[in-house]
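Q: I'd like to go through this one with you before I set anything up. Can we look at it together?

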Amino acid sequence: MPPWRRTFDLAGRDVLVTGAASGIGRAVALRVARDGARLHLTDLREEPLRAVAAEVRAAGGEVGLVRAADVSDRTAVLALGADLTAAHGPMDVVMNVAGISAWGTVRSLEHHHWRSMVDVNLMGPIHVIEALLPPMVDAGRGGALVNVSSAAGIIAMPWHAAYSASKFGLRGVSEVLRFDLAKHRIRVSLVCPGGVATPLTETVQIAGVDTTTPRFRRLLGRFRSHAVTPEQAAESIVAGVRKGRFWVYTSTDIRLLHLLQRLFPPGYRLAMTVFHRAANAALPEVERARRAEVA
Ligand code: NAD
């Protein structure tokens, strides 16, 4: 069987998961542990991270290093990588899941929104790659790099310019590494979730919009009712990694939109035009800000 058709077995592998304290990262950690991998967990928030490590252990999983770190802090990530490699050897699988979200129109986004998206969602995974990939390559055992981008790393979602800057950036890094790392038998997967019902959807900032109003809460409720659970997303991610897939989707809507974008660009343009108009009409605060932009 050619190597690219072989299933990548997670049993006995050392797996680092960032953003493991919550949502997709937590669900992936629990799911990967079920396959018999040894987990190493990190997140910005220490207390919930330790709680997830305890959950993994209680479910019979093996946990090695558990350490809080800010992925946007290169020094902290390099130190974590050095300690992890010294204590447990090179990783077999590195999963960049940690991320944050801020949306808004160009008129209402402030510099700190743009900056934090790039610092956490793009430079964070780059720091992790800098820290963990060289030992993986040197070990010569192959492995997998999993980068969690977003639907907003494929398509033009309304108010997502800053978030998309980071998620398209991560897609670019992944597309290149997919081919660069092939000679080292390290497979790269780019995860592009649509809606996943995690705390991120509760904490998202939309510049210029009061996210506490009943109207916004209703919209959020509609989004969450279409969203998959973190456990379903984790199942899709693990299936994609096991099959060595580059594009990993967690919902059919994004898979279809990506297909439309590639096969019929005018259809994609029409769909996005309608999507943006509907979104702006649904949130008059944003629409007003948008009008102020062109006034
Ligand atoms: P979440 O908020 O539940 O989990 C994200 C985790 O990342 C949190 O535990 C948080 O503490 C951690 N984190 C944030 N900033 C960090 C930093 N600087 N350093 C280290 N850890 C940090 O969110 P989630 O929905 O599980 O998101 C996981 C990933 O999936 C993110 O990259 C997100 O952009 C992506 N994503 C989520 C959705 C969705 O609908 N939930 C959709 C598309 C993409």
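**Strands and ligand**

A: In strand β4, methionine 95 is the bridge partner of valine 17, and all of this refers to a predicted model.

Q: What does methionine 95 stand opposite in β6?
A: That position is taken by valine 146; β6 covers residues 143-148, runs parallel to β4, and is joined to β4 by 4 bridges.

Q: And how many bridges pair β1 with β4, and in which sense?
A: Strand β1, residues 14-18, pairs with β4 over 3 bridges, in the parallel sense.

Q: Are the residues on the two faces of β4 buried or exposed?
A: Both faces of β4, which spans residues 93-96, are covered, with Val93 and Met95 buried on one side and Val94 and Asn96 buried on the other.

Q: Switching to the ligand, which residues are the closest?
A: The closest are Ser22, Ile24, Asp43, Tyr163 and Thr198, out of 30 residues that surround the ligand. By class, that shell has 16 nonpolar, 10 polar and 4 charged residues.

Q: How much of the ligand does the protein bury?
A: The protein buries 94% of the 820 Å² that the ligand exposes when taken alone.

Q: Which elements give two or more residues to the shell?
A: Those are α1 (23-34), α5 (161-180) and α6 (200-203).

How values were computed: Residues are numbered from 1 along each chain as its sequence is written. This is a predicted model: local features need pLDDT of at least 70, side-chain atom pairs count only at pLDDT 80 or more; totals for chains, interfaces and linings use all residues. Side-chain values use heavy atoms; hydrogens and water are left out. A residue is near a molecule or strand if one of its heavy atoms lies within 4 Å of it. Accessible areas come from the Shrake-Rupley method with a 1.4 Å probe; for residues, only the protein chains shown count as cover. Ala, Val, Leu, Ile, Met, Phe, Trp, Tyr, Cys and Pro count as nonpolar, Asp, Glu, Lys and Arg as charged, and the others, Gly among them, as polar. Buried means under 20% relative accessible area, exposed over 50%, partly exposed in between (1.4 Å probe, protein chains only). Two strands pair if DSSP finds at least two bridges between them.
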